[in-house]
Amino acid sequence: MDGLEQDVRYVKGIGPKKSKLLNKLGIKTLQDALYYFPRDYDIWDDIKKASDIVNGEECSLVVNFKGRANNIRTRRGLVITNWIANDDTGNVVCVWYNQPYRASIYKNSIKYFIRGKVEIKYGKIYINMPVVEEYNKDKHDGSKILSIYALTQGITQKDLRNLVKESLNKTNGQIIDYIPCSIRKKYDLVEKNFALANIHFPQSEYAMEQARIRLVFEEFFNIRLALRIIREQNRQNIKGTKFKWDNRKIQYFIQGLSFELTIAQKRVLQEILQDISCDKPMNRLIQGDVGSGKTILAAIALYCAYLSGYQGVMMVPTEILAVQHFESFKELFHGKGITIECLVGSMKASEKINIKGRLSEGDIDIIVATHAVLEEDVIFKHLGLIVTDEQHRFGVRQRAALQEKGVQPHMLVMSATPIPRTLSLILYGDLDISIIDELPPGRHPVKTYHVPSSMRDRVYNFVRRQVQEGRQVYVVCPLVEQSEKIDSVAAVELFERLKNGPLTSLRIDLLHGRMKGSEKDRVMEKFSNGDIDVLVSTTVIEVGVNVPNATLMVIENAERFGLAQLHQLRGRVGRGKYQSYCVLITDVNNFQIRERMQIMTRSNNGFDIAEKDLQLRGPGDMFGVRQHGLPEFRIANLFTDMEILKRAQQAVDEILNTNYDITYKNLIDYVMHEFDQKTKKIAMN
Ligand code: ADP
Ligand code: MG
């Protein structure tokens, strides 16, 4: 071992109190400190001469203070200290506010290093609030780069720098670089010890940049390699269940639908059918914008499973969605002799027992379920296909838990969060990807408007008009915080206000996450049947809900939602033949929010919106890699570092094209070990 596992607590100058604070930053050991990369750098350039100074720049000078300082008290009680300093080429005026002690701490005879932002006014050079240190040739001469770390109260930059220094000393340049020399050479990457040293204490800007590129590359490279290896292992070792079905039945089923599949749907369906007719387990992700028609493909695959003599499960993130799919499957498969059931957490214990019993006996063919199906006592007789809908709610681990319930069942993952392709390659590196890049014909893009709350009356007029025309409306409540409880309270309040106020003449009802399962079902069913005009709701309707007659969505406090979520919400309307609308109400008028609203009003394409979202705020919550069960990136930026990602991918492909088990054994052992450690940590949190 290299001593990096040492607890930071025992490092000189740290101790129990600071170590607790450091733990908050995720730093428990010297190893953690080494990988706690700076968030920014302070770049100190060469010392300037007063005669060369340019207005507005930040610069360093070496000076003597002349005479005495001048303390001026303003009428408002502010003390301004002026002190002229000189470096043989000219004078500069140092200015401090409310720091009168400055006037007594510097000596005329001593040379000082000063640094600050320069302002030239009426031919005079001013430096506001300069940093002043006694000049020290070794410390101040030449340019240098100081790393800046994200801190927490009670921890200073100096603490972190010391810690990192200690870690680097311990490693003594002896960390094994698992990226082989040949790859480093080919991809122009600096060596690992050099990279670690220079990311923290850069020798030059060039070295800093090289260090960063190397570490970003490594981050992408490791995760991509790990996921690809997992995928290869899935493919090679495991014999899956080969489905065999009568294709005429499938054709007949498709012909019986009320619509024709789009070209994109047909293409993706072929990919699925190809997969499940092989004896290697399918691991496929279907990506498609909201409303692109993913469900029908899942249904066809489940039908194939049934015709092949296997059970299938459709796992969804909410009870509402489970019930909805359950109902629509019953209709879709009517008269085909398929036994379909539903399993959700809020069911009565006796009902659950009944369902579980029949599942294990093989008396149920298709089950639509929530997380409840993950419980240990849910046993299948012969599970052949798992579909998970709206996958972004499930992690890699949950996927695996479900897979263990069958004998190598096929797995179909459906995601309605469109993400840029490059990103999906990372997040779903262990899956094959199919993309439905086309909406069914005849859909009108949802017209989207961004309005202040002062226009609320007009919005409610519009709601009434839509209802008069026979349409239905969603009113979505503000997201208060990540708390279903508080969100639900907000929904109840809004509901009461609308019901007793502007929408009193309409049939209005309420849906939120704190309602009982059966209550929710009842409301949803009424809305589906057209017995409710206006549904006031929290984001429980975000995922998957399908009521084609709903044509207007009003979103309150739209600024509280991220772009991806707004797009998801908006996807609940525009599902039928009518022109649909989305009204975003917000009074927040800063640049960021305006930008976000503008993107929503201009684009209806989930992939574009996702790209913009990533650009605007980096891979934030919606694309948070953590919720995909993957480790967070420490240094890579998923948007700006795409070029490096491409190269890392290329390197991974190259490795996989070799006899990698042998040639790159050390690398792969290391990468898989790291990946396991990290994903385990996430699963435990
Ligand atoms: P999502 O991809 O968001 O899950 P759904 O599968 O819920 O979308 O489909 C949305 C609606 O579009 C459903 O009412 C579905 O019946 C309908 N639909 C699916 N495919 C087609 C198609 N090819 N033509 C017309 N309507 C379709
Ligand atoms: Mg769906």
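Student: What makes the pair formed by ligand 1 and Gly 293 a polar contact?

Tutor: In this predicted model, an oxygen atom of ligand 1 is 3.1 Å from a polar backbone atom of Gly 293. A polar contact is a pair of N or O atoms within 3.5 Å (within protein, one must be able to donate a hydrogen and the other to accept it, and residues adjacent in sequence count only if both atoms are side-chain atoms), so the pair at 3.1 Å qualifies. A polar backbone atom of Gly 291 lies 2.6 Å from a ligand oxygen, and for Arg 443 a polar side-chain atom is 2.7 Å from one. The protein covers 84% of the 570 Å² of accessible area that ligand 1 has on its own, by the Shrake-Rupley method with a 1.4 Å probe (for residues, only the protein chains shown count as cover).

Student: What conventions apply to the numbering and to the values?

Tutor: Residues are numbered from 1 along each chain as its sequence is written, while chains are lettered from A and ligands numbered from 1 in the order in which they are written. As the model is predicted, local features need pLDDT of at least 70 and side-chain atom pairs count only at pLDDT 80 or more, whereas totals for chains, interfaces and linings use all residues; side-chain values use heavy atoms, with hydrogens and water left out.

Student: How does one know which class Asn 666 belongs to?

Tutor: Its relative accessibility is 57%, and therefore Asn 666 counts as exposed. Asn 666 is found in helix α24 (residues 665-684). Its C-alpha atom is separated by 7.2 Å from that of Tyr 178, 488 residues apart along the chain.

Student: How many helices and strands does the chain have, and what share of its residues counts as buried?

Tutor: The chain has 24 helices and 21 strands. Of its 685 residues, 54% count as buried.

Conventions. Helices (H or I, at least four residues) and strands (E, at least two) are DSSP runs, numbered from the N terminus. Buried means under 20% relative accessible area, exposed over 50%, partly exposed in between (1.4 Å probe, protein chains only).
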